[in-house]
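User: I'm new to this structure and would like to know what the words used for it rest on. Could we go through them together?

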Amino acid sequence: MLSQATRRVIQRRLDDEVGRIEKSAPLRIALAYPSPYSVGMSSLGYQQIYRILQSLDGVCCERVFLPDLDQANPEPAVSYERLRPLGDFPVIALSVAYELELAGVISLLANSGIPTLGSERTERHPLVIAGGPLTFSNPLPLAPFVDAIVIGEAEGIMEHVVLAIQSCADKKALLDRLAEHPHIFVPSLHEELPPVGKCDDEVLPARSVIRTPHTELANMFLVEAERGCSRGCQYCVMRRSTNGGMRVVPPEVILGLVPEDAKKVGLVGAAVSDHPKIVEIVNALVDSGRGVGLSSLRPDRLKEPFVMALKRAGYRTLTTALDGISEAMRQMIERRGREEHFRAAAENARSVGMERLKLYLMLGLPGETDADIDEGVGFITELSQRVPIALGIAPFCAKRKTPLDAKPFAGIDVVSGRLERLRAGLRGKADVRATSAKWAWVEYVLAQGNQTEGLAVLEAVQGGGRFSDYKKAFEALGYSVKGEQAPRLSGNGYVPIAPHRKSSRKLPLHSST
């Protein structure tokens, strides 16, 4: 039963929303996100699918998120619009952003009384279909838990999904119909993943429907300035080979979509700063009295006019990606950023009065040594003499469908040791913050795995969702935290799996370290 505290939180969030589409229709779909409300409502892709579903005849959707109140005694997930239990919907559409959200998928289903495995669900259970950014790289670990997966850009595919649901009398016929689409993967019918789907440019850009103060991007209207990327960074799923490179949205289209009452605008895309009119767009938004945020800034684009426009937009920190700790590492991954670009960015940040330069980088790239770390210490120290430096560090995880696919994880101890070497060298010179090497290893295993690794996540979540539970489950498959190459890199094939035991336990909402 839903607690009064949960009811009050949901009602307060609904009261504070702007732009929600009120609709009733015969077919109700649960649009679910396997993370809490604050994360899901920050997802532009999630909002885009919400817009599409609410525009189709005979269908409406209600939003469902991973509950975020009582971690010890999780309540079943309910829709925000009508407090309807997730298990009561005939269709659940899941948006999954990255590998570690698989635990949230399992918890959403299990805590709602829905069998977690697609093979255990019958006609009386909801159809579970998934999509989202994860499908651009490797959705195979997700496959045991869903009935179908939309691969790639979902615009243009969701209409096929809805028509299939409306026209098919039973689940078998429905799955057969879904399987006919060239960009829908049905695990029970297909042996290979289909190619990544690409929508027509005419449907661009994606943009916010609902604005809310209850996210990190509070009350910000999000709109795509471009989609894709024309660069060829070796580690990136969205590199130029994905869906034809960068597709640019004209400035007049972007500016014309901004609601009159929007005080903050977020320009979204994999390579926003590469938009040929980005300075013009930012200045136009600032001139209209709005704050502006950008999702990605490339170091070679941070010329003084652009940095000045960002300062006018309210930026106090200039953020870009160093990516590799040394020049050799940056060249290996084919980043265009060179030392002169970062020096110029630091000078420009200082000259316009910004408080700091924040640099994102990866540790544990193939071929990296302590000498690379020491070179990075020297270079970052040099930059810190121009402007205060903050570092955001993440361990490198090889992703499928990239040139660095199948490269081994450096190892938890190796990554941790290099991080400590970096911290020691930069003590008093830069603020160094890093994501967990342990959970990066979990992400790596799932990024390189298939449905067998997905089932191991089920074991880990049922065991408590701690890192030790994941370590135990993955080591049973032959993986090592020391970082040797994965024991099984199965390509695109969907390998048959054995039946899995059921569990009636309530599962933890989040993994914890």
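Analyst: Gladly! Let's begin with a term: a nonpolar core is a set of buried Ala, Val, Leu, Ile, Met, Phe, Trp, Tyr and Cys residues joined through side-chain atoms within 4.5 Å. Please keep in mind that this is a predicted model.

User: Which residues have the most contacts inside the largest nonpolar core?

Analyst: They are Leu-267 and Leu-294, in a core of 115 residues. Helix 14 (residues 437-448) gives the largest share of this core, eight residues. There is also a second, separate core of 41 residues, which includes Leu-27, Tyr-50, Val-78 and Met-158.

User: What makes Phe-306 a contact of Leu-294?

Analyst: Contact means heavy atoms within 4.5 Å. Phe-306 is on the contact list of Leu-294, so the two have heavy atoms within that limit. That list leaves aside neighbours within four places in sequence, and it also includes Leu-267, Val-272 and Tyr-315.

User: Why are strand 12 and strand 13 said to pair?

Analyst: Pairing needs at least two bridges. Strand 12 and strand 13 (residues 356-363) have six, in the parallel sense, so they pair. Leu-318, for example, has Leu-357 in strand 13 as its bridge partner.

User: What makes strand 12 an edge strand?

Analyst: The open sheet has four strands in the order 12-13-14-15. Strand 12 (317-323) pairs on one side only, as does strand 15 (430-434). From one strand to the next, the twist averages 20°.

User: Which helix lies across strand 12 and strand 13?

Analyst: That is helix 11 (residues 339-351), which runs at about 170° to strand 12.

Key:
Residues are numbered from 1 along each chain as its sequence is written. This is a predicted model: local features need pLDDT of at least 70, side-chain atom pairs count only at pLDDT 80 or more; totals for chains, interfaces and linings use all residues. Side-chain values use heavy atoms; hydrogens and water are left out. Helices (H or I, at least four residues) and strands (E, at least two) are DSSP runs, numbered from the N terminus. Axes are lines fitted to C-alpha atoms, for helices over the stretch in contact, and angles run from 0 to 180 degrees between N-to-C directions. Buried means under 20% relative accessible area, exposed over 50%, partly exposed in between (1.4 Å probe, protein chains only).
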